[in-house]
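The following note concerns the pockets, the helix packing and a few individual residues of the model. Please read the points alongside the sequence and the coordinates.

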Amino acid sequence: MTSAMAEAAGERFIIAPEEKRRRWIRAGWGLLFSTAIIAIVALDHARDPQPSTRALLWSVTLVLTVANLGNLFFLLRYLRRIPHHHLELVPGSLRFVTAGDSSELDLGQVAAIRLFRRWGRLQHIQLVLRNNRGIRLEGYRDLPRLAELLQRALPSGKLLS
């Protein structure tokens, strides 16, 4: 067992409370922009009430309503699941636990780790797998510590900036 694994044993990484607020704000911005787009199309239809602008108004309204309802559905699902979710770094793997369900990612499958920063602050971690897929870790409390432990648990040279 590596020292990083021993150090991380029993340490859980949970979703930070401010992540909920950030997700609600993003959903609100989406709703606001959708409303603005619908208003612009409605004003154009009021200015020139042609069948084509009426069709555009209804299609834009339908598409944006469905998109916002889908966004709300996924947001509520996320908010319902995160109180029961955490990450654990165990020897040789990263365990994702949500309620009674658990899945593990073998760290041998990780080809690289990328740290994304904005204004000097770590925003999220991306684990690039050997099959070129990525797993994005964001919103966790103490994300810099998780990044540090993951970097130590993986062989050197896998960090991409």
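1. Residue classes are used as follows: Ala, Val, Leu, Ile, Met, Phe, Trp, Tyr, Cys and Pro count as nonpolar, Asp, Glu, Lys and Arg as charged, and the others, Gly among them, as polar. With these classes, the lining of the largest pocket holds 12 charged, six nonpolar and three polar residues.

2. The model is predicted: local features need pLDDT of at least 70, side-chain atom pairs count only at pLDDT 80 or more, and totals for chains, interfaces and linings use all residues. Residues are numbered from 1 along each chain as its sequence is written, and side-chain values use heavy atoms, with hydrogens and water left out.

3. The largest pocket has a volume of about 510 Å³. A pocket is an open set of points on a 1 Å grid over the protein atoms alone, where a 1.4 Å probe fits, with protein on both sides within 12 Å along at least five of seven lines; lining residues have an atom within 4 Å of a point. The volume is the space filled by probe spheres set on the points, which are joined across faces, edges and corners. Of its 21 lining residues, Glu19, Arg22, Arg121, Leu122 and Gln123 lie nearest the centre.

4. Helix H2 (17-47) gives the largest share of this lining, five residues. Strands S5 (110-118), S6 (121-129) and S7 (134-138) and helix H4 (143-153) are also among the elements that each supply at least two residues. Helices (H or I, at least four residues) and strands (E, at least two) are DSSP runs numbered from the N terminus.

5. The second largest pocket has a volume of about 270 Å³. It is lined by 15 residues, with Ile15, Tyr78, Ile82, His85 and Tyr140 closest to its centre. Helix H3 (51-81), strand S3 (93-98) and S7 each give two or more residues to this lining.

6. The axes of H2 and H3 come within 9 Å and cross at roughly 175°; axes are lines fitted to C-alpha atoms, for helices over the stretch in contact, and angles run from 0 to 180 degrees between N-to-C directions. The two helices, H2 and H3, are therefore roughly antiparallel (over 145 degrees). Their contact comprises 16 nonpolar, seven polar and five charged residues.

7. Thr53 belongs to H3 and is buried at 9% relative accessibility (buried means under 20% relative accessible area, with a 1.4 Å probe and protein chains only). The Thr53 side chain reaches the backbone oxygen of Gln50 at 2.9 Å. Asn68, also in H3, is buried at 18%.

Note on methods: Angles under 35 degrees count as roughly parallel, over 145 as roughly antiparallel, 65 to 115 as roughly perpendicular and the rest as oblique. Buried means under 20% relative accessible area, exposed over 50%, partly exposed in between (1.4 Å probe, protein chains only). A polar contact is a pair of N or O atoms within 3.5 Å; within protein, one must be able to donate a hydrogen and the other to accept it, and residues adjacent in sequence count only if both atoms are side-chain atoms.
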